[in-house]
Structure formats: C-alpha cells, structure tokens
There are 2 protein chains.
Amino acid sequence: MEKIQGNLLNISTEEIYGAEISFHNGIITCVKKVEANYNGLILPGFIDAHIHIESSMLTPSRFAEAVVPHGTTSIVSDPHEIANVMGVKGIKYMVNDASSVPLKVFLTAPSCVPSTKYETSGSVISTEEIKMLLKDDKMVALGEMMNFPGVLNEDPVVMSKLEAAKRIKKPIDGHSPLLTGANLCKYVMSGISTDHESTLENEALEKKRLGMKLMLRDGSSANNLKDLAMVGGDFIVSDDKHPEDLLNGHVDEMLRNAIEYGIDPIEAVKMVTLNPGNHYNLNTGNLVPGKAADMIFINNMEELKVKKVIIDGCLVAKNGRPLFDVKPIEIPNTFKLKPKNPSDFNVPSKGSTETVRVIEVFEGQLITGEFSTVLNRVDGNLEADLGNDILKIAVVERYGHENVSNAFVKGFGLKYGAIASSVAHDSHNIITIGTNNRDMAKAVNTVLRNEGGLAAVSNDVFYALELPVAGLMSTERVSKVSSELKILHNAVRDMGSNLKSPFMSMSFLALLVIPKLKISDKGLFDVEKFNFVDLIKN
Amino acid sequence: MEKIQGNLLNISTEEIYGAEISFHNGIITCVKKVEANYNGLILPGFIDAHIHIESSMLTPSRFAEAVVPHGTTSIVSDPHEIANVMGVKGIKYMVNDASSVPLKVFLTAPSCVPSTKYETSGSVISTEEIKMLLKDDKMVALGEMMNFPGVLNEDPVVMSKLEAAKRIKKPIDGHSPLLTGANLCKYVMSGISTDHESTLENEALEKKRLGMKLMLRDGSSANNLKDLAMVGGDFIVSDDKHPEDLLNGHVDEMLRNAIEYGIDPIEAVKMVTLNPGNHYNLNTGNLVPGKAADMIFINNMEELKVKKVIIDGCLVAKNGRPLFDVKPIEIPNTFKLKPKNPSDFNVPSKGSTETVRVIEVFEGQLITGEFSTVLNRVDGNLEADLGNDILKIAVVERYGHENVSNAFVKGFGLKYGAIASSVAHDSHNIITIGTNNRDMAKAVNTVLRNEGGLAAVSNDVFYALELPVAGLMSTERVSKVSSELKILHNAVRDMGSNLKSPFMSMSFLALLVIPKLKISDKGLFDVEKFNFVDLIKN
C-alpha cells in the first residue's frame, strides 16, 4: 500500500481539498480528506481522446517519452496511418512498441482502410479483422468513420463494420466535416457518437443538438478549439501533433489554450480526464477507488506546469523529464519498389501546348482548388512552368505495383530541386513535388534508400529525415526528429517555398476524401465528382 | 415515417426551440429546428432508475397502467422481492407480465437473494443464475448489493457475482447506508457505482467525492431528495412507490418536488432522462437520431402536467389516461403451509414471569430498537401486555417448512384483533402482529386462503387485500388496490394503531439487514451482532 498527499482537484464535486490517496498494485484503494496545506494541485492524468500517433513521426514509445512528462497518461489513438501501410500487423506493432512504456495507448479499430478504392494501399482492413480487433480490451472503439458517403448510402461493408461495433457495445467515432440536415441525422442515427471535424459554430451546435459528443480540436494540422470554445464540447483532442509542436507540450498546452479561450478550467480538465475515461470505458480519468492511480502534480491552474506524473502508482516523469527507458522496436523495410528514373515522371504530350488541370494549394488548408493553365511541350513532354509556380507532382506507388501518376501543382513556390515523402495520406505511397524530373527521381530514391521519410534535393545537395518505421515514424527522440525536420524546412525555404509546413501540405494532396482536386497513384482525382479526371483538358 | 412538432427542451444543449421530430419504426430518424410557436413542451420520456415494482402491490402491467400516463416511459426495476419468493421464475413473470404493455421495464439481476442466511426464502439466486440473467439485454445491471459486509469481507459468493457483472461490462448498483471511510472506499473499489441509501448531506458528499453516482430518493418508504438536493446527484429515483402515492404521480411528482427543493429544472430533467439512459446503456433518455421515440408533452415546467405520452413512436397515454389494454398474468398459488392453530403462537414459559426482549418500532423509520420488559405467564405461556402496548409478533414460514417463530413488539398500539401480511421483506414469509393467538391464527389463515395479501381480523370481522401474485401483487387496478388498502388502514386504526402505514412498518420487521432487533421465521435476530438472540433474557 502506497500513499501520496496533496491538494486534490476533485472533478466529481469540483472541490479542492487536502487529500491522501492510497493505492495498491497501481489501483486507487482509498481517497480521504486530510487537514493540511500543500503546494500545487493533484489532477487525474490527462487523456487525449483522439490522436494519430503517426502524425508525430515518432514511434509510440518515443511519443510516450515526449508527452508523459507533460502529464499525458493515456491516449486513444487511431492507427489508421500504419494500418494503410501494414494492416493488422502495423496495429500490432503500435501495441508492442507501446507496451514497454508507461503511457496507456488505447486504440480504435480503423474503420476506413483504405480511405477510398481509387488508390493502392498496403493493406485493407476487413470487417472480419475489425471484429477480431474489437475483442481486444485495448481496442476501445471503432475508429473515425470518414466514409460518410458510405454511411449515407448504406454501403454493406460500412454497415457491417458499424454493426460489429454496436454488437460488442463499443462506441463509434465520427468524422463528418460540414455534414448537416437530413444527412447528419442519418449519420448520427447509424450509431456514430463523436465528431472532431467541426470548424464552424453553427456546425458544432447542430451536431451537439443531435446528441453528438464534440471533440474540440487543438492540434498541429487543425485548430478549432478557439472558434468552438463557446459552443462547448465533451473532449479536447489534438487529432495530429507534429514533432516540433510536442516540444511545447501536449494536453497541458491544449488545456492552457482552452482556459485562455474562456472554457471553465474545471470543465476543461473534465474534457481531458473524466469525459474520455467514461466515454471509452477506460479504467482511468478520475481519482476514485478502483480506478488506476494515474495522476499528475501541477503547480497551479494558471500556468499548468506539470511537476510529477504517476501512472499505475509509479512515478514516471518529474520536472519535465521521463523516468523510464525507451527502446523503440524496429521493423523490416516496407518498401517494394524499384528506384525511379527521371523518365518515370514524363508527361507525354501530343500537341506542342496543352491545357492541363492544376491542383492549387492554399497555406494552412487541407482543401485544394482546381484551375487550368497552358503548358509547353519540351522533347515530347509537358514541363513545369516555374515562372508561374506550376510544379510537377507525382505519386509513386510503393507496394509492388510500380504505378507512377503525374500531374501539376501550384502553391509550393520551389525554384530549384524537388521534395519527396512517404507520408502521404492515407495510403502513404511516395509523393513528390519538383521543378524537374531528375531531382524528383533523386528525392524519391532518397526516401526509398532510407526505407521511408522526407527528402529534399537541390543542386545535388541532399537533406533527409529518415522514417524507417513503415515509412511514417522514426525511432529517434522528438528533439532529434524535430531538429532534422527544421533543417529540412529551412532547406525547402531556401529552395523557394513560402509554405509553413511544405511536407505536411504535400502529404494531404493524396487524401482523396477532402475536396477538390487530389492525386493518387492511379491518377488525378476530383473529390466532388468522386472519380478520376483527365490531366489534359480537351 | 411519422413526424411530430412542438417546443423541444433539448437536454444536450439546454435550449428550447420549435422542432420537428421524425421517427420510423419507433426510432427517431431526425430532429430539425423549425420556425414556429407551439404551446407546451416536448421532453424525453421519464425514467425511474431504481424501483421495486412489487412495492406498488401491482403487477408490472398494472404498474404501467398507473405510471405511463404520468410520463414514465422506462423504469429500471430490481425484482428482488418476487425473486425471494419464486427465484428466476419470478423474474421471468415480471418480464412476461410487462411485455404486453408499452412501459419499458428494464431489470437488474438481484444480487442478494436471500438477503441473509438466517431466514427461509422461497428461492436462492446463485452466481450461475446471475450470469445467465445478465446475458439478457433487458437485464441492465447487477442489482443493489445490500450485502456490504459480504463485500468488505470479500465473501467468495459476493465477489463472484460482482465479477460476473464486471466481466459482461454491466454496472453494479449499490446500497450502502451510512458506510464511510475505509469501508466505503473498499465498497466503491469493488466496482459498485451507485447509491440510493444516503440520508445525510455529509454521507452523500463523501460518496460523491469517491465518484459514486448518487440516486436521490423520493419514494413512499424513504424521502431523501429534500435533504440532499443541495449536494446534487445523478438520478432521482423512487425505490418504492405505494399504490396510494401512485395516484398522485410518479417521476412527474418527483420532478416537481426536485424543482421545489431547488434543483435546476433542466438538471432535474436530465436526472430522469439522459443520465439513467447513459448509465444503464438504454436506447432511450434523449431525443436524438437513433434513440427510441419515447417522449412526452407537458404543459410547462412549473406545473409539469403530462398531456401526452409517446413510447416507441406510439401515443400510449393522453390527458392522464392510458390508451392501452392491460391483462395482468395470473400465477398459481405460491403458498406451501398448513392453516395455523392458535397454539402455534404460544410462547411457553417455565417461570411465572419472564424478562423478554421486545422489538420497538418507531413511526416512519425502518430502524428498530430493543428493550426489555417483564411478562406474565397465563396457562403456561407468556401473553401480550396490552396496557403497555406489548403485542405478540410471529413470522410464519410459507415455503413448506412450517416454521413459526414468536416474539413481542411495541409500537403498534392494537387494542383488539390481529393483522397479518405476506409482504415481509425480503423473504416474504407471513408476518403477523396481534393481541391474542386466536386472531393471529385467523389473520394468517386469511392471508393463506387469499393466496397472499394483507389481512386484519377484529371481533370476527375480516378485512383483506388480496395479493395473489406471489403474495406480493394484485392483478387489480391501482385505484382498487389503494381503496382496499385505505379500508384496511382505517380498520387497523379502529383497532387502536396510530401508525400511518402499519402494514409497511410490519413488513420491514423481518428485514434482517436493518438494525437493531428483527425477527425471521427462524427466531429473534440482533442485526448488530448479526446473529440470533434468545427471546427470554437470563
């Protein structure tokens, strides 16, 4: 039997009082009031109820090393990135790599792998696999149902996955950007209970009125917490956290923001403790008998500086430093493709000029535009038009089929060289953008040689961040990954791009479920028509 | 597809607005805002999260007839009274009798049948039976764990029942009067999540601090809502509702009281809709897509007059009248005992006077006292002492063993005759209190002849309320049952008793889990020592 004492923020009664918390074998056995004054405050450990670990470019154990000192004791992670690459094996990797660190990594069974049938992914997660996964206690929900057209059209495979979750009485996470009216009703009626994609107050309010639990998002790719703070919600989540942002914090930072945006501090704490604990039936999230002894000491609610972190009754971090060893698990190469030649990126043309569709990228947005331009033929092929910032873009299939699809993109601003990445949502083929074919081939081949990662090639100078775990994650520490990423970003800026996060922006150009013009390894894709379109306009 | 329109009280957003609610096959398909003004208010149907239907002396279908017009659309009932008489067969009777009426009768698997080993019950519910029961979707929790000593001492049978509920992920209801400190911690740690037995503010607050969900009780036997309103809680429940009280209302009446006692009206509505719906995983309790179309129209939040009741999309009550037929199911006689003779109630004595222990009854309390008095021997037996209000009390075993145990009681005030009842918690043997053996035998034999119920015999005039369903319930309407009960109460008053509810008071004298002196068919029982004590003091 162990005991700790301090000022407890009791989230059931919203009181603060001196308390003694006893625990045994990691489980709280008693909490009693004591007459004494203490410094600081004891809170339940924080829970990020929706995150994709892969977005941190860290393995689960490295992610734990980064976030546990910030007070995160549990996360609910949807492993759909690695699942697209490696299927159930990838999900098992996440479980195994997390098993050696104290962070509690709960998972959701990814519902949409692959996200569409118009691309080549490394794996398909079937309904049978979903059923098998959901039997595991670590698998706390069916992952975000991004395929809302499938729900609305009652696609049998989608329905069978929803049914599997309902049968085993696990919640179903949603993903329903801008869905409204009768369509939203139908989506909710299917049993989907959460949403983290609201961006507008009215949108959030409509979902809340229909009983959805809102996840207010304060992540690296999308920030809606400020806009939606006054609507309120049940959870605060990150969805995605990039390595450089993790240096500033995780849930602690989200909490500080929430309070700054006007959410009642105790309400905010509940959104990252009690509420996710209850919703996902986790044995954590409140400091009461029978729950896991997952708790943190902070200095005060204003600064929210995390001093000590206890998971299952063990001190696991102190003054910002983890007290546990991290040995990330490596995995064999997942890339099955031959090195590429410059000619793989040719866009042959019959005419001496052609009118082509161009993907238009906007800073800080996942939504793209489409416009037309006229390009000239050089040696039989259409070339980039650097003067007008029309660059070449290609998706190189990496799972053994050797597909390469080529198109054009505006908004990256490169004047030299090329960039490439094996982080390319959701199928994670290799995506590349460049000023010329030779550098594109070099950048892709650098990624290939590194067994995954990001690369920039300019004037025969190579920059790279290696992500050898499924092409998505590094086994290095967050500090190393973020400093390498910074070097890469600087290099790309020197190559002419003004985008804040050029690799992140590029990674979403292959995500066929966000409008308007996108590209997969199979071709140029019009999300609104939900079908391929020709590159060359007739 | 059907539609209704009106002012919706949206309990998710705490707004009131004009809405159109669509439903199909009893399930809500859409809820949309409309621009129009309506009279009255639409609320989710009410849920009583903890009640023993048997306390109403009505079968489930007759109970439904009484409460549905008051807006009750679901109840969570613990059938432990009938389970003590008939075991699983009795529970199945409750399900079957309820199946013909629209009221949704969810049940909990009774955890404590019999309540102690010091009495003869009609049945024992084993862990195996609990497991079997909990598989049923209608069985939403393990019923109130009254055996808190068993929890504290880790009694293997008690532990196995708790484990069965945890394994199937159903909640466990508690019952922990005055439990505090380390004992309360241990009780909570076992996984028990609710309590409806708090009577004191401090007691309730301590439980709340430990994360228990409080059921504020506003029933016929116990009223704690007023005292605990300021502590707050998750549910408002009745626990027991007697037939005469049901004439005034059910959850609607509890809500009116809650608001009068200062609970925020919308919070109060949540306590009888959303909260129990969520806690017990019921598909009701909120008017959102996917939930059952269980809703009520009221005039306003001040008067809370229920105008219309809709269950599964069907209008089932209007202006206080049910719109459904009720055909209660009858069951065969459950009494296995021979008619009793006056000599069965003899208390033989060696001395000409003896000092005996007497059960002391207090108006309006379930707790009894113990005191000693000297009684005279007449014809070899100790007799009642009417001058000092020392009456005879006996428990007559009804399950085929023919036990009769005799003792003395003070507080009933009878000057003539005797009363008897087959409602005698929790084993429901026949209990009788009288001024003389002859009338006690007549009263018991009247109950026996009626196959159950209450009886009063005075000067060879007989009054009776027949409860032929397991000796606990009538197949008649609430109006008939309560008027017969009124006649009985008047008769008992004429016989000299000043107790408000003499039969109710008597029924708890056989409940061996509430201090201090009680009586079972096996003898006089000291609850504090938790063992039998001799009637005659040496």
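**Notebook: the A–B interface, salt bridges and cores**

I began with charge pairs between the chains, and the rule finds 4 salt bridges across the interface of chain A and chain B. The model is a predicted one, so I treat every value below as computed from it.**Entry 1: the cross-chain pairs.** I looked up two of the bridges. B:Arg209 and A:Glu15 meet through their side chains, N to O at 2.7 Å. B:Glu15 and A:Arg209 also form a salt bridge, again with 2.7 Å from N to O. I then asked where the partners of this second bridge sit. B:Glu15 is in strand β2 (residues 15-24) of chain B, and A:Arg209 is in helix α8 of chain A, so the pair joins two chains. Is A:Arg209 buried or exposed? A:Arg209 counts as buried, at 16% relative accessibility; the cut-off for buried is under 20%.

**Entry 1: extent of the contact.** Next I checked how much surface is involved. Chain A and chain B bury about 2,000 Å² between them. Carbon and sulfur atoms carry 63% of that area. On the chain A side, A:Met189, A:Arg209 and A:Pro289 lose the most area to chain B. Together they make up 31% of what that side buries. I also noted the residue counts: 27 from chain A and 26 from chain B.

**Entry 2: polar contacts and elements.** I counted polar contacts as well. The rule gives 6 residue pairs across the interface of chain A and chain B, both residues at pLDDT 80 or more. Which elements of chain A give two or more residues to the side that touches chain B? They are β2 (15-24), β3 (27-33), α7 (181-189) and α8 (201-209). The largest share, 6 residues, comes from β3(A). By residue class, this side of chain A divides into 13 nonpolar, 8 polar and 6 charged.

**Entry 3: salt bridges within chain A.** I widened the search. Over all chains the structure holds 52 salt bridges. I picked out two pairs in helices of chain A.

A:Glu128 bridges to A:Lys131, with the closest N and O atoms 3.4 Å apart. Both lie in helix α4 (residues 127-134) of chain A, 3 residues apart, about one turn of the helix. A:Glu128 counts as exposed at 53% relative accessibility. A:Lys131 is partly exposed, its relative accessible area being 38%.

A:Arg256 and A:Glu253 meet in a salt bridge of 2.9 Å, N to O. Helix α11 (residues 251-260) of chain A holds both; being 3 residues apart, they are separated by about one helical turn. A:Arg256 is partly exposed, with 23% relative accessible area. A:Glu253 is partly exposed too, at 24%.

I also found a network. Salt bridges link A:Arg357, A:Glu370, A:Lys516, A:Asp526 and A:Lys529.

**Entry 4: the cores.** Last, I turned to the nonpolar cores. Which members of the largest core touch the most other members? They are A:Ile21, B:Phe412 and B:Ile433, out of 148 residues. A second, separate core has 147 residues. A:Leu133, A:Phe148, A:Ala268 and A:Ile390 are included in that second core.

Definitions and conventions. Residues are numbered from 1 along each chain as its sequence is written. Chains are lettered from A and ligands numbered from 1 in the order in which they are written. This is a predicted model: local features need pLDDT of at least 70, side-chain atom pairs count only at pLDDT 80 or more; totals for chains, interfaces and linings use all residues. Side-chain values use heavy atoms; hydrogens and water are left out. Contact means heavy atoms within 4.5 Å. Buried area is the accessible area (1.4 Å probe) that two parts lose on being put together, summed over both. A polar contact is a pair of N or O atoms within 3.5 Å; within protein, one must be able to donate a hydrogen and the other to accept it, and residues adjacent in sequence count only if both atoms are side-chain atoms. Helices (H or I, at least four residues) and strands (E, at least two) are DSSP runs, numbered from the N terminus. Ala, Val, Leu, Ile, Met, Phe, Trp, Tyr, Cys and Pro count as nonpolar, Asp, Glu, Lys and Arg as charged, and the others, Gly among them, as polar. A nonpolar core is a set of buried Ala, Val, Leu, Ile, Met, Phe, Trp, Tyr and Cys residues joined through side-chain atoms within 4.5 Å. Buried means under 20% relative accessible area, exposed over 50%, partly exposed in between (1.4 Å probe, protein chains only).
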